[in-house]
Amino acid sequence: MVKVQEIKIDGEGLHVFNSAIYIIESSTGYTLQLDAVVSEVVVLKYQNEVTLLVEIELQDGRQITSFMHLKRLSGGLPQLNLYCELNDIDDFHDFLMINENDSSYPNVEDGITLEEIRKYEMPNEKITLKLKLPIEQTEWLSEQKPGDLSNIIKEAIYDYWRKYEMK
């Protein structure tokens, strides 16, 4: 089976936790499919794109460069699911071939956890809090810079987790 060595999107390399590249055979033709488990940060970066320039280096040294479409799948680990139509499959004779009616596709999530992914790259999200605090604390908070406030809250949460072993 063919293995992926490296994936680049628009020239930028991605950290890939696991991937599978294969061909789907359907009544309308052949589709090259690339499934890759990546970080949530990468998914957020590309989630609104429709077509991406993807460079794939295989372990045997072959290179595939193509415009690929992004398929959105929900649930499970963060993934990029990319595909493009193939006119000629002669260069892909050693790729896994799956019929569109098959129920078994490669499982790229096997053996990987969200915790592992977040150890590599943790996404940040904006949150709005409404608090009722003593006036002296609200005055002090209003004088702080937004970046400092984020760090104060982050440290307070980690301290709380450590204190009450909530992690």
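A pocket is, on a 1 Å grid over the protein atoms alone, an open set of points where a 1.4 Å probe fits, with protein on both sides within 12 Å along at least five of seven lines; lining residues have an atom within 4 Å of a point. Grid points are joined across faces, edges and corners, and a volume is the space filled by probe spheres set on the points. By this definition, the largest pocket holds about 1,300 Å³ of space.

The structure is a predicted model, in which local features need pLDDT of at least 70, side-chain atom pairs count only at pLDDT 80 or more, and totals for chains, interfaces and linings use all residues. Residues are numbered from 1 along each chain as its sequence is written, and side-chain values use heavy atoms, with hydrogens and water left out.

**The largest pocket**

- The lining of the largest pocket comprises 26 residues, and those closest to its centre are Glu125, Ile127, Ile153, Lys154 and Ile157.
- Helices α1, α3 (135-142) and α4 each supply at least two residues of this lining; helices (H or I, at least four residues) and strands (E, at least two) are DSSP runs, numbered from the N terminus.
- Helix α4 gives the largest share of the lining, eight residues.

**Nonpolar cores**

- A nonpolar core is a set of buried Ala, Val, Leu, Ile, Met, Phe, Trp, Tyr and Cys residues joined through side-chain atoms within 4.5 Å. Buried means under 20% relative accessible area, exposed over 50%, and partly exposed in between (1.4 Å probe, protein chains only).
- In soluble globular proteins, nonpolar side chains tend to be buried together.
- The largest nonpolar core has 26 residues, and Ile21, Leu32, Leu34, Val54, Ile56, Leu80 and Phe95 have the most contacts inside it.
- At least two residues of this core come from each of β1 (4-9), β3 (18-26), β4 (29-37), α1 (40-46), β5 (51-58), β6 (63-71) and β7 (79-86).
- Phe95 touches Val2, Ile21, Tyr22, Ile23, Leu32, Leu58, Arg62 and Ile64, not counting residues up to four places away in sequence; contact means heavy atoms within 4.5 Å.
- A second, separate core has nine residues, including Ala20, Ile98, Val108 and Ile112.

**Salt bridges**

- Five salt bridges are present in the structure; each is a side-chain nitrogen of Lys or Arg within 4 Å of a carboxyl oxygen of Asp or Glu.
- Arg118 and Glu40 form a salt bridge through their side chains (2.8 Å, N to O). This pair links distant parts of the chain, with Arg118 in helix α2 (residues 114-120) and Glu40 in helix α1, 78 residues apart.
- Glu40 counts as buried because its relative accessibility is 18%, whereas Arg118, at 34%, counts as partly exposed.
- Arg62 and Asp94 also meet in a salt bridge (2.7 Å, N to O). Here the partners are 32 residues apart: Arg62 lies in the loop between β5 and β6, and Asp94 in the loop between β7 and β8 (96-99).
- Arg62 is partly exposed at 26%, and Asp94 is partly exposed at 32%.
- Asp159 forms a salt bridge with Arg162, the closest N and O atoms being 2.4 Å apart. Because the two residues are three apart in helix α4 (residues 146-164), about one helical turn separates them.
- Asp159 is partly exposed at 44%, while Arg162 is exposed at 57%. Elsewhere, salt bridges that share partners join Asp60, Arg62 and Asp94 into one network.

- Ser39 is located in the loop between β4 and α1 and is buried, with a relative accessible area of 1%. Leaving aside neighbours within four places in sequence, Ser39 is in contact with Phe17, Pro78, Ile117 and Glu121.
- Asn81 belongs to strand β7 and is buried at 3% relative accessible area. Its side chain makes a polar contact with the side chain of Asp35 (3.1 Å).
- A polar contact is a pair of N or O atoms within 3.5 Å; within protein, one must be able to donate a hydrogen and the other to accept it, and residues adjacent in sequence count only if both atoms are side-chain atoms.
- Glu109 occupies the loop between β8 and α2 and is partly exposed at 24% relative accessibility. A polar contact of 2.8 Å joins its side chain to that of Gln79.
- Glu109 and Ser39 are 70 residues apart in sequence and 12 Å apart in space, C-alpha to C-alpha.
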